[in-house]
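Please look over the sequence and the model shown here, and keep both in view while you read.

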Amino acid sequence: MMNSELNSKVVGRGKEFFSTISGEKPSLFNKGAWMGKVMDWSMKNETFKIQMFRFVDVFPSLTTGKLLTDHIREYFGEEKDMPPVLSTGAKVAGMLGSFGGAVLNKVLTTNIQEMARQFVVGENTKEAIKNMEKLRKDGFAFVVDVLGEATLSEHEADVYMNTYLELLDSLKSQYQDWKPLGNYGNANLDWGHAPKVNVAIKPTALFCLANPQDFEGSVEAILKRVRIIAKKVIELDGFLCIDMESYRHKDIILEVYKRLKLEYPDYDQLGIVLQAYLVDTDQDLPALLKWARDNKVKISIRLVKGAYWDYETVKAKQNDWKIPVWTIKAESDAAYERQARMILENADICHFACASHNIRTISAVMEMARELKVSDDRYEFQVLYGMAEPVRKGILKVAGRIRLYCPYGDMVPGMGYLVRRLLENTANESFLRQSFAEDAQIERLLEDPIVTVEREKAARAAKQKPEEKGPGGLKPFFNEAMVDFTRADHRAEFPKQIAAVRQQLGKNYPLFIGGKEVKSADTLPSVNPAKPSEVVGVICQAGTKEVGEAIAAAKSAFPAWRDTAPADRAQYLIKAAAIARRRVFELSAWQVLEIGKQWDQAYADVTEAIDFLEYYAREMIKLGKPKRVGNAPGELNHYFYEPKGVAAVIAPWNFPLAIGMGMASAAIVAGNCVVFKPSGITSVIGWHMVEIFREAGLPAGVFNYTPGRGSVMGDYLVDSPDVSLIAFTGSMEIGLRIIDRAAKVYPGQENVKKIVCEMGGKNAIIIDDDADLDEAVPHVLYSAFGFQGQKCSACSRVIVLDAVYDKFIERLVSMAKATLVGPSEDPANYMGAVADDKAMKTILEYAEIGKKEGHVLYESKVPSEGYFVPMTIIGGIKPEHRIAQEEIFGPVLAVMRAKDFDQAIEWANSTKFALTGGVFSRSPEHLAQARREFRVGNLYLNRNNTGALVGRQPFGGSRMSGVGTKAGGPDYLLHFMDPRVVTENTMRRGFAPVEEDDDWVA
Ligand SMILES: Cc1cc2nc3c(=O)[nH]c(=O)nc-3n(C[C@H](O)[C@H](O)[C@H](O)COP(=O)(O)OP(=O)(O)OC[C@H]3O[C@@H](n4cnc5c(N)ncnc54)[C@H](O)[C@@H]3O)c2cc1C
């Protein structure tokens, strides 16, 4: 807690501050104006707020009157039902009733543009400079920022950088003529010490592929353009601040700053932003100060609370990462005060920019600076342009120096910034909202945040719910956390594990039958597809003899395994999950080398395998309890499940651990015994399943590992009369062949074979005319080319509406051009080698077909060694073309131009497959239409269409994509069992025991 004497001074100063601005309101909360009304309505009505902010987001892409009218209706209803705040403008214009949309269009357009202008100092350099000069006349310094959110290509990064260069060129001819702020007798510096030119940059807008997975590459690529801007800023004796963005890029940005700083050790006017809402900042700040001392350089820190709180919490929750931000608002306030003090204590080496609109925070900084006797030239205050006008006036009066953060530029990137500001100001926790829109008690607003934290924590503890329990007393199912490359230890683990795995390459792998390792004379090497001379392992191949032995072993293990209690069977899966979890990085490294998965893709495959184990274990515990059906008294009907017998599990190479483990663990936990055939090219990964199940103590014969040549043993396995169930994932041709062969009954066969069959896809993503291309372009690229397009869920057709076709393609191709193709063990490579030479040949053939059917929009370069095929984008494709109909299973993307959304949906549905699909649209009606009419097993709206998660996106398709099963879904295990019902008449001599749930006569 702040010492009470200081705290009293802070509160006193805060009160004084409030009294000097009493009666004033920031323009945002002025209910006399349209924006103030919208803000007021948004704070009272959450649904309206969401619709309004979403509308603001889509607004720049509504480029025709019709699009605008349609969206107004879709977002806000018919004019008669509209909230008055929207229709008032039209009513005032006297057009109510008959305006038919046109007036409302105009009113909304004008008002939203006005709203954006509130926060943006100009739409171009000239206008921005003119307005900043006006601000200077009123006594405000500026820090200018070019709006830039998502940069998707080298070209866009250059445009962003060049705008800065143009800005700096324009400033160069003018800034020296500006009268300095304050009367300190130095013509060149504001307040006697501060450069007049002050520029902020968003580092990730300077490199389109910034990604912590490729930490070094991202740092250097950003730095390349930062250097050019910095050089020019320095020529103007200006100040350059590197803004902080989302947590994902925090360490990259810090590193960029440090490297830049060391290039200009004597130039003090280089700053960075730290975010007090990040828990890490309590370590990052002292580390940065120490670094500065060690390197004998002076630095500058702008401390903010942080602008991405909602994003950070949602992302962390979605990926099961530790939440990187404080979760009690006052914790961020307290962290701010703590960190501000530390910066002020180091004022000799660190200049401080206090960026806050919170009067308590500002007062605390003022009082701490006074207590620590920090001179005025070592700290300053900053607020955002367009916000908190009374606060900025108050600061100017008290401190005499304040800087406004002035973004400028186009409306489109401006909307992301505008939405953040609207959210910030309407958040319940916002100091400005509480002070100026809700007139909260001043005492409360000025309270020491540590006191608030304690009160909040106590209130939360009182509300804490008891921990939830899942089936069998286990924790409820949770998805395994994704790899988190913001963590240096996760980043370091991959090269380390890849090096360790490399030491083990080339070993021989036996079969595993009846709990014993079995060698066969026939062997097959598995190689690194990026370097085929590198043998990953040499694997014994099962012939019909060995497969026969495996089936026999499974058959003999079956009765005991069937009779093992479901909850006990589930425990083996839980143990297996723990083993895979312990080995997650090592297992991932094997995937990088054996099948060419990128680091994140490899890790995701292992975590999906863990998810299947955890999920099916819980599902089986639930299903394992007989269920009473019907409640008539005197009768007990019990519905329960029994396994089918021997299951042949035939797995693909593209998710070598996840799909294999998913199918096998479902069969096993349901009580079946498995004969597992991995793909020949990923049999070493298949062997890891042996290791995992063996360590988990699974009884002999329950899991048998029989890699082999499909041509030698495939039919034998499928035809065996002792096999009752076949779980297969792979191509449609083989899937249909299995279904066909399995229909035949052989002598001695006891069961009709059950087939669980996942086959191919020809998945489309539709890009609507109002889609957010900043999102759509990277997601389509990732869906089409992540793991070289070799996922059954991958996007292989993108259907783009005519209105946005050119823009979308231009951005997609430019982004594709920025990517690199090469071995996946190097995280700089976006795309790696395809599975094997056969795949390479087929894909290249399809690319040639595509080139004849359409025209090449982009074809990447490829390394000379390895099974690489170019990233290929082909335009001019029509639904009847082969590359729009046939599954390619590789990095070839067909692009189709549709005249409208109806046609796009028709084309999307026009293949024989129905696996995944995607739509990027901000039209509520089109999204609803897609839900109804885009008939695929997994439809993704406004996101990539790969990466289904167990339990959250149960996966599988229909038509020729599969038999309608959903891996990782609540009914998957039912396909591996037969239901039985036992009915007992409990009435004896007219007497029936009473059951709790009997339907007795009332
Ligand atoms: C000059 C300037 C430059 C800026 N540059 C950046 C930048 O580079 N990067 C950046 O991210 N932001 C930047 N910002 C934006 C800044 O992060 C927000 O304006 C600021 O967080 C608002 O804080 P406040 O003290 O004004 O208001 P307050 O109302 O006191 O604080 C609001 C803030 O509290 C935090 N918060 C809200 N709810 C919770 C919760 N439940 N638990 C914990 N914390 C919570 C959030 O950070 C929220 O923004 C900048 C702001 C200014 C003024």
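Asp448 touches Met1, Met2, Asn7 and Arg360, when residues up to four places away in sequence are not counted, and contact here means heavy atoms within 4.5 Å. This is a predicted model, in which local features need pLDDT of at least 70 and side-chain atom pairs count only at pLDDT 80 or more, while totals for chains, interfaces and linings use all residues. Residues are numbered from 1 along each chain as its sequence is written, and side-chain values use heavy atoms, with hydrogens and water left out.

Asp448 lies in the loop between α18 (442-445) and α19 (449-463); helices (H or I, at least four residues) and strands (E, at least two) are DSSP runs, numbered from the N terminus. Asp448 is buried yet has no salt bridge, and the nearest side chain of opposite charge, Arg360, is 4.0 Å away. Buried means under 20% relative accessible area, exposed means over 50%, and partly exposed is in between, with a 1.4 Å probe and protein chains only. A salt bridge is a side-chain nitrogen of Lys or Arg within 4 Å of a carboxyl oxygen of Asp or Glu, and for charge Lys and Arg count as positive and Asp and Glu as negative, whereas His and the chain ends are not counted.

Salt bridges do occur elsewhere, and the structure holds 76 of them. In one of them the side chains of Arg73 and Asp70 meet at 3.5 Å, N to O, and both residues lie in helix α4 (residues 65-76), three residues apart, which is about one turn of the helix. Another salt bridge joins the side chains of Asp806 and Arg897 at 3.4 Å, N to O. This pair links distant parts of the chain, with Asp806 in helix α30 (residues 802-818) and Arg897 in strand β27 (residues 892-898), 91 residues apart. Asp806 counts as exposed because its relative accessibility is 53%, whereas Arg897, with a relative accessible area of 36%, is partly exposed.

Now turn to the ligand. Which residues come nearest to it, of the 30 residues around the ligand? They are Gly306, Ser332, Ser356, Glu424 and Phe431, where a residue is near a molecule or strand if one of its heavy atoms lies within 4 Å of it. A polar side-chain atom of Arg302 lies 3.0 Å from a nitrogen atom of the ligand, and a polar backbone atom of Ala307 is 2.9 Å from an oxygen atom of the ligand. The protein covers 94% of the 950 Å² of accessible area that the ligand has on its own, with areas taken from the Shrake-Rupley method with a 1.4 Å probe; for residues, only the protein chains shown count as cover.

Finally, consider the backbone angle phi. Most residues other than glycine have a negative phi. Gln788, however, has a positive phi of about 60 degrees although it is not a glycine, and Gln788 is found in the loop between α29 (773-785) and β24 (795-801). Is Gln788 buried or exposed? Gln788 counts as buried because its relative accessibility is 0%. Arg989, which is also not a glycine, has a positive phi near 50 degrees, yet Arg989 counts as exposed, at 87% relative accessibility.

Notes
A polar contact is a pair of N or O atoms within 3.5 Å; within protein, one must be able to donate a hydrogen and the other to accept it, and residues adjacent in sequence count only if both atoms are side-chain atoms.
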